[in-house]
Amino acid sequence: MNKYETFLLSAGGSSDKLALALSGGGSRAMAFHLGCLRALHNLGLLDQVSTITAVSGGSVLAGLYCSHEGTFDSFEERVKEVLRRGFIRPALERAVTSTDGLKAAGYAFAFMLERAVALIARQVLKILRLGRPGEHWPNCAPFLRKASRTTILRNVFSETFKHCKLEDLNDERPALIVVACELRSKAAFYFTKERLHCWRYGSASASGVELADAVVASAAYPAALPALDQILIFNKDGEEKPHRITLTDGGVYDNLGLAPLWPDREFPDSMPIEKHEWIIACRAGYGLEVAEPASMWMPRMEAAFESVFARAQNFATKRLFDLKASGMLKGFLLPYLGQKDSSLKFAPDDLVSGELTAGYPTSFSKMNDVWIERLVTRGEQIVLAQVEEHWSSR
């Protein structure tokens with residue numbers, strides 16, 4: 001009996017609910033999470049996962065897994081094929097070879113023109129109405145931006161997912177929750193097979209919504225891609241009402257995708273999600289490094305954003321420890337791409353080191369086979385090492 005067979009016997013008999021959370025991180029996250037899923041598959045744990053939450057790059061991988069009809073091996077080959085192609089070049093090709101690019105350019109020009117006219121009009125009105133203290137000058141909402149770089153990427157995702165709709169996700173896979181951020185309400189926005197949900201607005205039907213719509217909303221990094229802008233009909237407390245939503249990268253709200261999985265979620269307006277006793281939270285990022293002084297505006301703002309971003313993720317991981325200590329979770333794993341190799345008690349002799357995988361950017365550019373192998377293997381090795389150390393008695 002090898003070192004994992006004892007674990008497999010105990011894990012196979014467990015009736016506990018197991019959830020898997022896949023963080024953002026572009027193509028880097030896709031490759032790292034693929035390695036994590038490979039390890040869980042080989043351990044027999046992946047079949048026990050009842051829910052997957054996913055953000056940005058993690059949502060691309062989760063979408064491919066939850067829509068795939070074949071074996072795990074064929075799924076893995078499909079993911080590697082997507083990684084080798086990437087999404088940036090296909091999006092650029094689509095922008096110049098289809099009407100998508102013209103539509104996006106037209107809407108961008110109209111949007112800038114509309115904002116300029118609105119700004120001038122507001123200033124003129126203020127001048128004409130001087131002498132009326134306390135007057136409130138509302139900022140008129142811009143028109144719906146129905147085409148942009150984000151919708152071009154959405155169409156590339158649609159081809160990648162073979163135009164799969166949320167309602168057509170594979171019933172034999174775990175329930176999928178794709179996390180985005182709704183900018184008008186500053187709240188989480190969830191896509192599932194049954195519904196779209198934001199606690200501010202209620203639930204909207206998922207009928208006819210493509211998986212690509214969910215993934216591009218979750219992956220629309222605000223510094224590079226416009227928000228996804230649309231109007232949906234929501235039902236809250238039995239009342240139907242249209243709301244305009246503007247969706248951006250789920251990592252802005254919760255880059256680890258853990259918010260839907262907290263066992264103490266009792267807010268009445270939250271989306272109902274089953275309780276899980278065990279959580280595997282895969283984190284495909286790096287630790288912060290000491291950099292040069294941030295004196296100029298841009299590096300200063302970038303450093304400030306990174307500080308807040310890292311603090312939020314560290315708080316979420318700390319909460320996993322607190323929930324386990326309180327007995328609200330039976331246990332968890334935290335496979336982390338950037339963790340210190342020395343902290344792995346059962347690291348294999350051929351461990352792909354953190355130093356070797358450090359520095360791969362957060363983007364959706366194509367990835368060569370060397371980097372695919374590095375990131376996938378490290379994800380697999382970290383999960384196996386953590387299982388042996390932390391979950392051998394599950």
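The model is predicted, so local features are taken at pLDDT of at least 70 and side-chain atom pairs at pLDDT 80 or more, whereas totals for chains, interfaces and linings use all residues. Residues are numbered from 1 along each chain as its sequence is written, and side-chain values rest on heavy atoms, with hydrogens and water left out.

**Overall organisation**

The secondary structure of the protein chain amounts to twelve helices and ten strands, where helices (H or I, at least four residues) and strands (E, at least two) are DSSP runs numbered from the N terminus. Of the 394 residues, 51% count as buried; buried means under 20% relative accessible area, exposed over 50%, and partly exposed in between, with a 1.4 Å probe and protein chains only. Among contacts in the chain with a separation of 6 or more, 77% come from residues 24 or more positions apart, a contact being heavy atoms within 4.5 Å.

**The nonpolar cores**

A nonpolar core is a set of buried Ala, Val, Leu, Ile, Met, Phe, Trp, Tyr and Cys residues joined through side-chain atoms within 4.5 Å. The largest has 87 residues, and Leu20, Met30, Phe189 and Phe191 have the most contacts inside it. Helix H2 (residues 26–43) gives the most to this core, with ten residues. Apart from this core lies another, of 22 residues, which includes Ile177, Val179, Leu320 and Leu329. In soluble globular proteins, nonpolar side chains tend to be buried together.

Leaving aside residues up to four places away in sequence, Leu20 touches Leu37, Leu40, Leu46, Val49, Thr51, Ile52, Thr53, Ile280 and Cys282. Leu40 is also touched by Val383, whose other contacts, under the exclusion of residues up to four places away, are Cys36, Ala39 and Pro335. Val383 is placed in helix H12 (residues 369–390) and is buried, because its relative accessible area is 0%. Val383 and Leu333 are 50 residues apart in sequence, yet their C-alpha atoms are 7.9 Å apart in space.

Helix H10 (residues 297–326) has 30 residues and reaches 43 Å from its first C-alpha to its last, close to the expected 44 Å, the expected span being 1.5 Å times one less than the number of residues. Its buried residues are Ala310, Gln313, Ala316, Thr317, Leu320 and Leu323. An α-helix has 3.6 residues a turn, so residues three or four places apart point the same way. The cover over the buried residues of H10 includes strand S9 (278–282) and strand S10 (331–333). After H10 comes Gly327, with a positive phi near 90°.

Strands S7 (residues 228–236) and S8 (residues 239–249) run antiparallel and are joined by nine bridges; two strands pair if DSSP finds at least two bridges between them. Ile231 has Arg244 in S8 as its bridge partner. The hairpin has two residues between the strands, and Asp237 there takes a positive phi near 55°.

**Aromatic pairs**

Twelve aromatic pairs are found across the whole structure. Rings of Phe, Tyr and Trp (its six-membered ring) pair if their centres lie within 6.5 Å, with planes under 30 degrees apart counted as stacked, over 60 as edge-to-face and the rest as tilted. Trp199 and Phe267 form an edge-to-face pair, at 5.2 Å centre to centre and 80° between the planes. This pair links distant parts of the chain, 68 residues apart: Trp199 is in the loop between strand S5 (195–198) and strand S6 (202–205), and Phe267 is in the loop between helix H9 (251–254) and S9. Ring pairs also link Phe87, Phe157, Phe161 and Phe364 into a cluster.

**Cysteines and selected accessibilities**

The structure holds zero disulfides, a disulfide being a pair of cysteine sulfur atoms within 2.5 Å. The sulfur of Cys164 is too far for a bond, because the closest cysteine sulfur, in Cys66, is 9.7 Å away. Cys181 is likewise in no disulfide, the nearest cysteine sulfur being that of Cys198, 9.0 Å away.

Ser158 lies in helix H7 (residues 149–160) and, not counting residues up to four places away in sequence, touches His163, Glu210 and Ala212.

| Residue | Relative accessibility | Class |
|---|---|---|
| Ser158 | 3% | buried |
| Cys164 | 12% | buried |
| Cys181 | 5% | buried |
| Trp199 | 32% | partly exposed |
| Phe267 | 41% | partly exposed |
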